[in-house]
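Please study the sequence and the structure before reading each solution.

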Amino acid sequence: MVGEEQSRRNSTGEKDSRARRLTRWPGLIEHYRRFLPVTATTPVVTLNEGNTPLIESSELASRVGQNIKFYLKYDGVNPTGSFKDRGMTVAISKALEAGVKTVICASTGNTSASAAAYAARAGLRAFVLIPRGATAIGKLSQSLMHGARVIEIVGNFDICLKVVRDLAERDPTRIRLVNSINPDRIAGQKTAAFEICDQLGDAPTHHFLPVGNAGNITACWAGYNEYRERGLCSGTPKMMGYQAAGSAPIVMGHPVDDPHTVATAIKIGNPASWRAAEAARDESGGVIDMVTDGEILAAYRLVAAQGAFAEPASAASVAGAIKCGASGAIKPGSVVVCTLTGHGLKDPDTALKNLSSTIVCEPDIDKVYRIMENER
Ligand code: F0G
C-alpha cells in the first residue's frame, strides 16, 4: 500500500513526498528499550506515550532568575494526560508478560486513569481504589470510560494504598499492583529524564517537580544518574521537589494524617517513596520544600498564560521554581526544567472556580462589540 501510494504521488509530480512524511514515534519502550526491563519477547503495550514537548518560556524565566533558561516539560500531553503513562506502559507490559489477569492500584486519579487505559489495551481487568469525593472529574471519567472497576474508598489516598498493598500481597500470582512502588513503573518514568537530556543536549541544572507519593522524583533522579553513568549527559541536576503546604510530610518530617490541598493529585500524607525522595534530594544537592495553595493557584494561572494548561498539582513545580528563585538560589546561567505532570482538562472544576466568569449576551452585533470595547 505504502509503495503504491508513493509511486502514485511521484507520478503526479510530488517529488518530495518522502521528506514530508513525519517520523512515527514508537512509544518509549521501543525508543529507550536498552534502558528498560524488557526483552524481545515482552509484549509491548503502548499508546505511543513519551516524546512530550519541552517548551521554553522567557516570561517564566524572568520570574525565576536573571540570565537563565526556563523550560516546561509538558508531560500532561501524554496519551491519558499525565506522566503516569511513562510508567504504565512498562508496568502493564510486564504484567501481561507475567500472565497476571488483574491489575490494581490506589490513586488520586491519574494513576487510575492510566492503569485503566493500558489495562484495557492489554485485555487485563483493572480495579482502582480512589479516595471518595477527592478525585478530579476528568480522571474519574477516564477510569470509568476505559472500563476499570472504580472503588471509592471512604478514606484518603494513604488508606487506599494500604488496602491495595495488602490485597496484592494476598494473591501475588494473579493480582499485580501498578502503583509506583512497582519497580517497572519507576523504570518507565525515568525516561522523562532521558528525554529532557536528549531535548536539551545535556542535563539541566535544576529539575522542579511536584511531590505526592514521591515516585516521580525518585524515577527522574535514577534516569539522570543512568544517563550520566553511560556518558549521555555531563552532570545531573539538583532535584527540586515541592509538596503542597497542607500535605507536606517530607518537609515536616512526619506523616500528615489529614492532608488537604487544592492540588488533589498530591494530597498525600505518607508517601511510599519517602526515603528514596530524600536520597534524590540529598545526593543531588536539591531541596524538598512546600508551596501554599495560593502559590500553586498563582502559578497555575501563569502557566496557562503561557499557553500550557496544566492541573493544579503540576503548577506546584512552577510555584516552587518561583519561590526558590525569589530566595536568590537560581544563579545566572542556570537551566531550569519544571515538569507539568498532568493536563489541565483533568480538573475543569478547579479551572472554572478560579477564573472570571463568562459573559452572557444576546446574538446582537452591537452588544457584542460594546463588550469587546469595554474589555480592551
Ligand atoms: N502531579 C500529578 C498530576 C500527579 O497525579 C501526581 C501523582 C504527582 C504530580 C506526584 O507524583 O506521586 O510520583 O510524587 N499522582 C498519583 C496518582 C499519586 O494516584 O495519580 P508522585
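Ala, Val, Leu, Ile, Met, Phe, Trp, Tyr, Cys and Pro count as nonpolar, Asp, Glu, Lys and Arg as charged, and the others, Gly among them, as polar. The model is predicted, so that local features need pLDDT of at least 70 and side-chain atom pairs pLDDT 80 or more, while totals for chains, interfaces and linings use all residues. Residues are numbered from 1 along each chain as its sequence is written, and side-chain values use heavy atoms, without hydrogens and water.

**Exercise 1.** Determine which residues line the largest pocket and how they divide by class.

*Solution.* A pocket is an open set of points on a 1 Å grid over the protein atoms alone, with protein on both sides within 12 Å along at least five of seven lines; lining residues have an atom within 4 Å of a point.
1. Helices are DSSP runs of H or I with at least four residues, numbered from the N terminus. Helix α16 (residues 348–353) contributes the most to this lining, with 3 residues.

**Exercise 2.** Describe how helix α6 packs against helix α7.

*Solution.* Axes are lines fitted to C-alpha atoms over the stretch in contact, and angles run from 0 to 180 degrees between N-to-C directions.
1. The axes of α6 (residues 110–122) and α7 (residues 137–145) come within 8 Å and cross at roughly 20 degrees.
2. Angles under 35 degrees count as roughly parallel, over 145 as roughly antiparallel, 65 to 115 as roughly perpendicular and the rest as oblique; α6 and α7 are therefore roughly parallel to each other.
3. Contact means heavy atoms within 4.5 Å. On this basis N110, S112, A113 and A116 of α6 meet K139, Q142 and S143 of α7.
4. The residues of this contact comprise 2 nonpolar, 4 polar and 1 charged.

**Exercise 3.** State how helix α5 is oriented relative to α6, and which residues make the contact.

*Solution.* 
1. Helix α5 (residues 84–98) packs on α6 at an angle of about 40 degrees, with the axes 9 Å apart.
2. The two helices are therefore oblique to each other.
3. From α5, the contact involves K84, D85, M88, T89, I92 and L96; from α6, it involves N110, T111, S114, A115, Y118, A119 and A122.
4. By class, this contact has 7 nonpolar, 4 polar and 2 charged residues.

Note on methods. On a 1 Å grid over the protein atoms alone, a cavity is a set of points where a 1.4 Å probe fits but cannot get out, and a pocket is an open set with protein on both sides within 12 Å along at least five of seven lines; lining residues have an atom within 4 Å of a point.
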